[in-house]
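Welcome, and thanks for taking a look at this one with us. Please have the sequence and the 3D view open side by side as you read the notes below.

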Amino acid sequence: MAASADAIITARLRPEFFAERGLVSANRTLLVAVLAVFVLVGFGFRVANLSADGLSEDELNKLQAVADYREHGLTSANGEHPLLMKALQTASLVLADKWNHISWLGNHREASPEAALRLPGAVFGALTSILIYLVAAELFGAEVGLIAAALWAFDPTAIGLNRIAKEDTFLLFFFLLANVFWLRGQRVAESDPHARPEKYYWATAAIFGAMMASKYVPQLIAISFAYYWIFQQIPQTRWRLGKKRLLVCLAIMLAVFVALNPTILFPATWKQMGLFAGQKLIGHDGYEFMGKLYSHRMTDWLKGIPWYFYHVLVAVKLPVLTVVAFIVGLPLLFRRKVGDGRHFIVLWLFLWMMTFSFAGGKFTRYFTVALPAVLITAAIGLQFVASWLNQKLAPLLSAEWPKIFLHAALVILVVGGSMRAAALSSPHFRLYTNALGGGLAKAGYYFPHDEFYDGSMRDAVFEIARRARPSAQVSSESPMLAAYYAQRVGRQDLTCVLLSDPAALRQLGEGDFVIIARGRRYFSNEAIITTLEQSSTPAFRISMGNVPSASIYVLDRKSLEAVNDAARHLPPLASSTHPLLPGSQPSRAQ
């Protein structure tokens, strides 16, 4: 047993293991140049027309938190989420304001709030390619690392997830960075009995603190420590922390976490976190998945959104060749010949799925953290297929260059497929759906809330503002977002109300507007949506690219009577402090 365990350890540590499978050590200069291309081109995709979509309701919360910080200093605004990302967004918005007020540049293009708010995520998302390379190369060699980094750089789903102003991109960045040092610490400890790998342990702990200051998902630390624990059962292993160093790591992690997230010290932040943990800040009662409504409270477990939600995402949201490569690579993770790095990927996928697949509430953005593991597995599958073809062709080809050409061509074909998919889906990357999922015809069908993500609200409100009479009412499922854009266009007189509020619906009159946005269908508004669709024709429609995304109705006598009749049969809102009603958010507190 000990001998076989030693073989597993040394398999990853010695470079010959991958050389035997057709991998060649990359020239350092060339390697840096290739990674730089991945980062720059990936960044170009991520920032191209970054304000093409309007803000989502979630992003508006971040913008309001930033405004609160700028006016009052650090506060508990949006306190259910940690500070680090919002601090970066604050810096980005401050710089955007300075850019917009530079007079000597003349008529330069101004930075929009949407672009400024999303820019930090785009930067960190592009840089993540380097970290994916470092982790994958440490585990499986340079070629797998480069393929995985390229797949991340050009994958339309990865790009789309990095273009929203949410915490998951930052969570992933620091998770990967921590494991770069964690795995390097393993290599140093195992390769030299006299080495002192403590600096890698301290760096890992500090970065895990930054990870927790990005999003409260401590479960991710379990992936790294589960991998560490596997080696503690092997008597020959020298990769051991011990109690004293483990306590130092925990102290460093806590210190960095508080330093980067000082708002955790405010009592009002804990109140916000309590409300969030108690699911009292959930504004809607459902989530639409593949045309059907499901409850989406986290504690609904298997009664909520189906457990196969993320499996469908992999099947329909990644380029087809990437999906095929992943299917090939997945069983390889259970082959000893792949080396001990497979354990890390298996634990990564397994623990992430156990955490998120069986919870009742799901969003596609949660998959940001698992996506690199899928892409690394696809890279392993692609490398395996390329090496297998070379072996099969070896008796037929006397020269080496045709095999090298075939190997490279196969990699370019798969990576090029991702790049082509990204180019065709720009700038609405979240709507990308592969051929297995039905292509463009099915865009917005599988995960409409996350695919549209309120992206048409800005255009809808701007057009309503142009048409609406003074003091008109606008009903939608994102009233605070509608009010924000109405104010942006100088229509503070418009009253924005919640579509799911029967009391507000009964106050609507002829000439008022109703926005039916795709992805905003819930149990609470399904009757109203059906009534409007049957009794009236939209005054106009909004599309994201070629995909219809919102229908806007102007109420006349017939449609108003139908809406009022439907509203009478709806139950009242469960709480007078509904999080989507104006004035319902907890007050700002130091």
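Predicted model: local features only at pLDDT ≥ 70, side-chain atom pairs only at ≥ 80, totals over all residues.

- Side chains of opposite charge can pair when their charged atoms come close.
- The count of salt bridges in this model comes to 26.
- Arg-458 has Glu-114 as a salt-bridge partner, and the closest N and O atoms of the two are 3.4 Å apart. This pair links distant parts of the chain, since Arg-458 sits in helix α20 (residues 457-467) and Glu-114 in helix α6 (residues 113-140), 344 residues apart.
- Glu-167 forms a salt bridge with Lys-62, where the closest N and O atoms are 2.4 Å apart. Because Glu-167 lies in the loop between α8 (156-162) and α9 (168-191) while Lys-62 belongs to helix α4, the pair ties together parts that are 105 residues apart in sequence.

- Arg-568 and Asp-565 form a salt bridge whose closest N and O atoms are 3.4 Å apart.
- These two residues are 3 apart in helix α24 (residues 557-568), so about one helical turn separates them.
- Arg-568 is exposed, with a relative accessible area of 55%, whereas Asp-565 is partly exposed at 37%.
- Elsewhere, salt bridges with shared partners join Glu-114, Arg-458, Asp-459 and Arg-488 into one network.

**An open sheet of mixed pairing**

- An open sheet is formed by 5 strands in the order β4-β3-β5-β7-β6, and their pairing is mixed.
- At the edges are β4 (495-498) and β6 (540-544), each of which pairs on one side only.
- On average, neighbouring strands of this sheet are turned by 25 degrees against each other, direction ignored.
- Within the sheet, β5 (residues 513-517) pairs with β7 (residues 547-554) in the antiparallel sense, over 5 bridges.
- To find this pairing on screen, look for Ile-516, which stands opposite Ser-551 in β7.

**Glu-477, a buried loop residue**

- Where is Glu-477 found? Its place is the loop between β3 (473-476) and α21 (479-488).
- Glu-477 is buried, with a relative accessible area of 4%.
- The side chain of Glu-477 makes polar contacts with the side chain of Ser-500 (2.4 Å) and with the side chain of Asn-525 (2.8 Å).
- Glu-477 and Gly-283 are 194 residues apart along the chain, yet 9.2 Å separates their C-alpha atoms.

**Backbone features in loops**

- The peptide bond that runs from Ser-426 to Pro-427 is cis, with omega near 0 degrees. Pro-427 lies in the loop between α18 (401-425) and α19 (448-452).
- Asn-78 has a positive phi, near 55 degrees, although this residue is not a glycine. You will find Asn-78 in the loop between α4 (57-72) and α5 (84-100), where Asn-78 is buried at 10% relative accessible area.
- Met-290 is another non-glycine residue with a positive phi, near 55 degrees. The loop that holds Met-290 lies between β1 (287-289) and β2 (292-294).

**A nonpolar patch on the surface**

- Which residues form the nonpolar patch on the surface? They are Met-290, Trp-301, Leu-302, Trp-307, Tyr-308, Phe-350, Met-354 and Phe-358.
- Together, these residues have about 840 Å² of accessible area.
- Met-290 counts as partly exposed at 31% relative accessibility.
- Phe-358 is partly exposed too, with a relative accessible area of 34%, and is placed in the loop between α16 (341-356) and α17 (371-393).

Technical notes: Residues numbered from 1 in each chain as written. Heavy atoms only, no water. Pairing = 2+ DSSP bridges. Helix = DSSP H or I, 4+ residues; strand = E, 2+ residues; numbered from the N terminus. Axes fitted to C-alpha atoms, helices over the stretch in contact; angles between N-to-C directions. Buried < 20%, exposed > 50% of the residue type's maximum accessible area, 1.4 Å probe, protein only. Patch = residues over 30% accessible without salt bridge, like charges linked within 9 Å, V, L, I, M, F, W, Y side chains within 5 Å. Areas by Shrake-Rupley, 256 points an atom, 1.4 Å probe, with all protein chains shown as cover. Salt bridge = Lys/Arg side-chain N within 4 Å of Asp/Glu carboxyl O. Polar contact = N/O pair within 3.5 Å; in protein donor to acceptor, adjacent residues only side chain to side chain.
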